[in-house]
Structure formats: structure tokens, C-alpha cells
Amino acid sequence: QVQLVESGGGSVQAGGSLSISCAAPKYTFGRYCMWWFRQAPGNDRAKVASIYTADDSTWYADTVKGRFTSSLDNAKRTLYLQMISLKPEDSAMYYCAATPAPWSNGPNCAVSNDYTYWGQGTQVTVSS
């Protein structure tokens, strides 16, 4: 069982930056698909980014492309989501997820719906 622990959420003004983390204190990600999702009240959970840990290939939703960057520090066992030029519509609970994927690749991770492990979420609030 892989435990994912998110942190780093908070409040920021529009145009500001924030970085959130997803740590797996007892695990190192070899070949995993990992994702960032967000869910605002009344909305469905939406996938915003994916990363394949074997080669660090990434995918981003159009709504965040160019503003969000997902990266993995495997030595620290932590996935990061760096967010710049934040907008009020980015306000949501952000979740990370992961699935073992020894035979996958970046594009497959982007479209996969097989999410095995989830974090508890961290709140991001962007004020106008």
C-alpha cells in the first residue's frame, strides 16, 4: 500500500504562485503513472497533469498548460506541482494519484483511468 501525503496548499492572490507536494514517505517511484487532479465545489474531479516516473514525461490539461509544471524528486520521494499565474478558477481541492505502470509511457499515463492510490487532498484558494 502506497500512502500519498499532500501538502503546500493555501491562499494566494490572482497572478501569484504556489507549489504543492505529494510525498510517499516509505516508497520510491520506479515506474509509475502519477497524476494531479482538482475538484471545486459542485464540479467533477478533473485531471490537470500526469507524469510517467520512468522518463519524467508529462501531460497537462489545456486549462493549466504553460502555467503548471509537474515534477518528481525521487530521492525525496515527492511529486511537485508548481503553479504560476494563478486564476480564481484554479481554486479547488488538489489531489495526487498513482498507479504502478511498469510497461507504460507518458501518453498512456495521460489517458489512463486506472488510479490505485490517492492522497487526501490539499486546498488551493485564489482570490481576485
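1. Over the face of which tyrosine does arginine 45 lie? Arginine 45 covers tyrosine 95, at 4.0 Å from the ring centre. The model is a predicted one. Arginine 45 also has its charged end over the ring of tryptophan 118. The distance to that ring's centre is 4.7 Å.

2. The overall layout comes next. The chain has eleven strands and one helix. Read from the N terminus, the order is β-β-β-β-β-β-β-β-β-α-β-β. The C-alpha atoms fill a box of roughly 45 × 25 × 25 Å along the principal axes. The chain has a radius of gyration of 14 Å, which agrees with the value near 14 Å for a compact globule of 128 residues.

3. Of the 128 residues, 46% count as buried. The chain exposes about 6,400 Å². Carbon and sulfur atoms supply 49% of that area. Take the contacts between residues at least 6 apart in sequence: 61% of them join residues at least 24 apart.

4. How many disulfides does a search of the whole structure find? The search finds two. A disulfide is a covalent bond between the sulfur atoms of two cysteines. With the bonded cysteines numbered in sequence order, the pairing is 1-3, 2-4.

5. Cysteine 22 and cysteine 96 are both buried.

6. Another disulfide joins cysteine 33 and cysteine 109, with the sulfur atoms 1.9 Å apart. Here the link is left-handed, with -75° about the S-S bond. Cysteine 33 belongs to strand β4 and cysteine 109 to helix α1, so the pair ties together parts 76 residues apart in sequence. Cysteine 33 and cysteine 109 are both buried.

7. The structure holds seven aromatic pairs. One of them is tyrosine 27 with tyrosine 32: the ring centres are 5.6 Å apart and the planes stand at 70°, so the pair is edge-to-face. Why does tyrosine 32 count as buried? Its relative accessibility is 5%, and buried means under 20%. Tyrosine 27 counts as partly exposed, because its relative accessibility is 33%.

8. Tryptophan 35 and tyrosine 115 also form an edge-to-face pair. The centres are 4.7 Å apart, with 85° between the planes. Tryptophan 35 lies in strand β4 (residues 32-39), while tyrosine 115 lies in the loop between α1 (106-111) and β10 (117-118), so the pair ties together parts 80 residues apart in sequence. Tryptophan 35 is buried, with a relative accessible area of 0%. Tyrosine 115 is partly exposed, at 21%.

9. Which residues do ring pairs link into a cluster? The cluster holds Trp35, Phe37, Tyr115 and Trp118. Trp118 is also the tryptophan whose ring lies under the charged end of arginine 45.

10. Asparagine 108 deserves a look. Its place is in helix α1. Asparagine 108 counts as partly exposed, at 39% relative accessibility. Its C-alpha atom is separated by 8.8 Å from that of tyrosine 52. Asparagine 108 and tyrosine 52 are 56 residues apart along the chain.

11. Now the backbone. Aspartate 56 is not a glycine, yet its phi is positive, at about 60°. Aspartate 56 is found in the loop between β5 (46-52) and β6 (57-60). At 44% relative accessibility, aspartate 56 counts as partly exposed.

12. Where does arginine 77 lie? Arginine 77 is in the loop between β7 (68-73) and β8 (78-83). Arginine 77 has a positive phi of about 55° although it is not a glycine. With a relative accessibility of 32%, arginine 77 counts as partly exposed.

Terms used: Residues numbered from 1 in each chain as written. Predicted model: local features only at pLDDT ≥ 70, side-chain atom pairs only at ≥ 80, totals over all residues. Heavy atoms only, no water. Phe/Tyr/Trp six-rings, centres within 6.5 Å; stacked < 30°, edge-to-face > 60°. Buried < 20%, exposed > 50% of the residue type's maximum accessible area, 1.4 Å probe, protein only. Helix = DSSP H or I, 4+ residues; strand = E, 2+ residues; numbered from the N terminus. Lys NZ or Arg CZ within 6 Å of the ring centre and 35° of its normal. Disulfide = S-S within 2.5 Å. Rg over C-alpha atoms; globule rule 2.2 N^0.38 Å. Contact = heavy atoms within 4.5 Å. Areas by Shrake-Rupley, 256 points an atom, 1.4 Å probe, with all protein chains shown as cover.
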